[in-house]
Amino acid sequence: MYLYDEIDQRIVDERVRQYRDQTRRFLAGKLSEDDFRPLRLQNGLYIQRYAPMLRVAIPYGLLSTRQLRKLAHIARRYDRGYGHFSTRQNIQYNWPKLEESPDILAELAEVQMHAIQTSGNCVRNITTDHFAGIAPDEIVDSFVWCELVRQWSTFHPEFAYLPRKFKIAVNGATHDRAATFVHDIGLHAIRDERGEIGFRVIVGGGLGRTPVIGHVIREFLPWRHLLTYLDAILRVYNRYGRRDNKYKARIKILVRERTPEVFAREVEAEWEHLKDGPATLIGEEVARIESRFTRPQYADLPAEDAGYDTARATEPAFSAWVRRNVHPHKVRGYAAVTISLKRNGVPPGDATADEMDAIADLADRYSFAELRVTHEQNLVLADVRKADLHTLWQELRALGLATPNVGLLTNIIACPGGDFCSLANAKSIPVALAIQERFDDLDYLHDIGELDLNISGCINACGHHHVGHIGILGVDKGGEEWYQITIGGNQGPTHPTRDGAKAAIGKIIGPSFARAQIPDVVERLIACYLDHRDSDAERFVDTVGRIGIEPFKQRVYGAGGVPGGKSGNDRAAETLVA
Amino acid sequence: MSPLLRAREVVEDRWMRLGIDDPVESCADVLVPLARWQKEREALLARPARVGVLLGPADNPAAIAGDVDRLALIAVDFPHFTDGRGYSTARLLRERYGYQGELRAVGDILRDQVFYLKRVGFDTFALRADQDPEDAKKALDDFSEAYQTSVDRPQPLFRRRLA
C-alpha cells in the first residue's frame, strides 16, 4: 500500500476544499451548470438517470482494509448500502446526493483516497495487473510505476482539458493482465540485455465506438524518460486531437488519421525537446516511492502444505474453488485468492456495505490488511498462506462469496447499463443475471472452461464487450432494447500456457436479439463450441479462432437455431464497421 | 469589459484589440491576430507604440518563435474553457521559445481554471465578464503544492523534495 506523505495529503485536502467551494457556488446559483459540469466530472460526479453517480478512485486497484471499511461506511451513510466495483478498478456509488458529495470526499481524504480525475477529459485512474507485486512472472512491481504516473497525472496543468478522456495502463509482468493494447497508452515494463528497466510504449488502443488494438510506437523507453515521453505523447494529442466531434476525439483516431508511424515521429520530435529536462526521473525518486509502499512481511514457509493438499484431494467443492479462484504467488507457501463478485442474482461487481466489512475482516486476518480490485470487477486477497486457504474458503462460503467461477462464463463483466446510466441504450444487469441463472450448473461451467463474457449497455463499451470471447452489446432500435452478439474477442495474451491468444476485437455474428433470447443464444454458441473443440484444452475463443464464426452463425440463426432469431434489418451492425 | 488580473491586481486594460482589417491608431498599443502580424509585421514594428499578437487555439506558436523579443504581449484565446490547446501553447512559448513578456489568457477565462493557467506560464488573465476578480485572485492559491514541472515552478516536486 502506498502511504501518503504530508504533501500528498495536503494536495488531496486542498482538493476537497476547492471542490466544496465549487459545489457551494453551484448550489448558490453562482456557477452555471455548463461551467460546473467539467469541474464535477473531474471529481467523479456524474448526473445519472435517477441520481448523481460518484466514482471514487482506487489507484491501480490497490486498497487497504481501512479504506475498504471507509467505502462501506460511505455506502451506508451516503448511499443505499452498496457499491459497484468497475472495470477501471474503481468503485461507484449510484445514489449519493450532490450536496453531500464534498462530505464524501472529505471522508475519503481521511483514508488517503479521492475522486480526482475519475471522469472528464483528462488522464484517468491508472490501471494495472491485479497480481502486481506477487506474480511469478513479474518483471517489475508495476504499482511503483503506476504511483509515479499517478503523481505525474494528478492535476497536470497542461492536460486537464484534453479532447477526450485518457486512460493509461501499466503491465509489469511477462503476461499482460492489464489489457494494455486497448488503452490510450499501454506501458509494458521490460528489461534490456543489461537488465535495465524500460517500457514498451503502445498508443491508440481502445474500445468504445471504434475498437482499435494499440500500436507499439517505441520498443524500449528507458525508465528515466517515462514522464517526459508521456508529456510528449499527451502534448501531441492535446494540440492535434480532434475537438470538433466527440466521437472522433480519442487519441486512437488521431493515431489512425496520421498513421502510427507519422504519429510516432511527431512524438519523438516533441520528446527531443523535453528529453533530459527537469521531469526526467531520478533513481532517488523511484526508490522513495518504492519505500513508501508497505510490504507484507512474509513468513518463511514450506512450498507445500499437507492440510491444504489433503483438503483439495478430498473436498471437490474446495478443489473446484482452488482451481478457479486461487492463483500462484512468487513467494513460497503463499497464494492469491479471487473473491468473485459474480454471484447468481447479484449485479456483477456489486458488493454490500456488510460484505465490504466482512471482506475487510478476512483481509486483516489472512492477507496483510490489503486487497486489490480487478478490472474483471472482482476482489483479490493477494497474500494468503496456503495453509489458510481452506479456512478462508469456509468463511467465504458462509458469506456467499466463494463462487468458483473466475475465468468462467458466469464471471461476467458488465457495465451498470440502462438501470443506472443515462448513456445506455439497453440494460445490462438483467442480461447478466439471466445468463448466470441459465448456466448455474457448476460442473457444466467447468466443462466449458475459460470463457470471458462481457456486456455493455451501449457503444461506449464500459463493459468491454469487444474483447469478450462472447460480447453482448445493447443497441437501440426504434426505442426498443436489442442486443448484438460478437464472438472471438480477446483482451490480450493473458494465459501463459496458450499461444495465439493476442488481443482481438470480436466479430458480429449477425442481426441482434431481444433480451429474452440472449440465454438461448449463449447456450447455442456454447453447444457449437463443445461440438467443435478439438480437446477440452481448447478454449471457446481458440475454437472460434480456428474454425471461424460461420459454424456459430449457423447454430444460432440456422435450422434449430434460436426461436425468432432473425430480427430483420439491423442498424446496429453498421456501427461497429468503423 | 472583462476584468484584467495581473500580478494579483485588477488593472485597466490599455491594449487595443484589433481585428484583421481594423485601422491602426499610431499611438495605441495594439494586439493583432497572428494572420495580421504575419502580413504587416514590419509596419507594426515601425510604429512608436507597442505591439502584441493574439494566438487562436489552433495557431502554432512556432510561427512567432523568432519574434518573441519584439513582442510586448502575447495573448492566447480560449473560445471555450474546455478547449485546452492554449495550455500547450503557453508552455511552448515560455519553455521552448523563451518568451519573457506578458502572456495573457483571453476568452472564456473562469475562476476555476486560473490556477492551471498560471502554472503553464500565463501571468495575466482577461476574465470573462461575469467573473469576480477578487474570487479569481484567491483561486491562484487553490493548491499550495503540485507534482509536475511547470513554468512557474520548473523543478518538479520530486526534485524539490531532495533539496
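A:P519 is partly exposed, with 17 other C-beta atoms within 10 Å. On the scale used here, a residue is buried if 20 or more other C-beta atoms lie within 10 Å of its own, exposed if 12 or fewer, and partly exposed in between, with C-beta atoms placed from the backbone. A:P519 belongs to helix α16 (residues 518-532) of chain A. Helices (H or I, at least four residues) and strands (E, at least two) are DSSP runs, numbered from the N terminus. Beyond its neighbours within four places in sequence, A:P519 is in contact with A:A434, A:I435 and A:R438; two residues are in contact if their C-beta atoms, placed from the backbone, lie within 7 Å. The C-alpha atom of A:P519 is separated by 19 Å from that of A:C458, 61 residues apart along the chain.

This is a predicted model, in which local features need pLDDT of at least 70, side-chain atom pairs count only at pLDDT 80 or more, and totals for chains, interfaces and linings use all residues. Residues are numbered from 1 along each chain as its sequence is written, while chains are lettered from A and ligands numbered from 1 in the order in which they are written.

**Confidence in chain A**

pLDDT is the predictor's confidence in each residue, from 0 to 100. Chain A averages 93, and 95% of its residues score at least 70. Please read two stretches with care. Over residues 494-500 of chain A, pLDDT stays under 50, and the model has seven contacts for them beyond four places in sequence. Residues 566-578 of chain A also have pLDDT below 50, with 22 contacts in the model beyond near neighbours in sequence.

**The two chains**

Chain A holds 19 helices and 20 strands. Its radius of gyration of 23 Å is close to the 25 Å that the globule rule gives for 578 residues, so chain A is as compact as a globular protein of that length. Chain B has five helices and eight strands, arranged along the sequence as β-β-β-β-α-β-β-α-β-α-β-α-α. For chain B the radius of gyration is 16 Å, close to the 15 Å from the globule rule for 163 residues, so this chain too is as compact as a globular protein of its length. The radius is taken over C-alpha atoms, and the globule rule is 2.2 Å times the number of residues to the power 0.38.

| Chain | C-alpha extent along the principal axes | Buried residues |
|---|---|---|
| A | roughly 65 × 60 × 55 Å | 56% of 578 residues |
| B | about 50 × 35 × 25 Å | 42% of 163 residues |

In chain A, residues 24 or more positions apart account for 68% of the contacts with a separation of 6 or more. In chain B, 46% of the contacts between residues at least 6 apart in sequence join residues at least 24 apart.

**Domains of chain A**

An automatic or database assignment sets the domain bounds: domain 1 (6-110), domain 2 (127-289), domain 3 (306-398) and domain 4 (413-575). The C-alpha centres of domains 1 and 4 of chain A lie 34 Å apart. Six residues of domain 1 are in contact with eight residues of domain 4. The domain 1 side of this meeting divides into one nonpolar, four polar and one charged. Ala, Val, Leu, Ile, Met, Phe, Trp, Tyr, Cys and Pro count as nonpolar, Asp, Glu, Lys and Arg as charged, and the others, Gly among them, as polar.

**Where chain B meets chain A**

Across the interface, 29 residues of chain B are in contact with 28 residues of chain A. On the chain B side, α2 (85-96), α3 (114-119) and α5 (157-160) each supply at least two residues, and the largest share, five residues, comes from α2(B). The chain B side divides into twelve nonpolar, eight polar and nine charged residues.

Ten of the twelve residues of α2(B) are buried, so this helix is largely enclosed by the rest of the structure. Its buried residues include B:Y87, B:L92 and B:L93. Their cover includes α6 (226-240) of chain A, together with β5 (51-55), β6 (73-78), β7 (102-107) and α3 of chain B.

**Two loop residues**

Most residues other than glycine have a negative phi. A:Q112, however, has a positive phi near 60° and sits in the loop between α4 (101-110) and β6 (127-128) of chain A. A:D276 has a positive phi of about 65°, and is exposed, with 11 other C-beta atoms within 10 Å.
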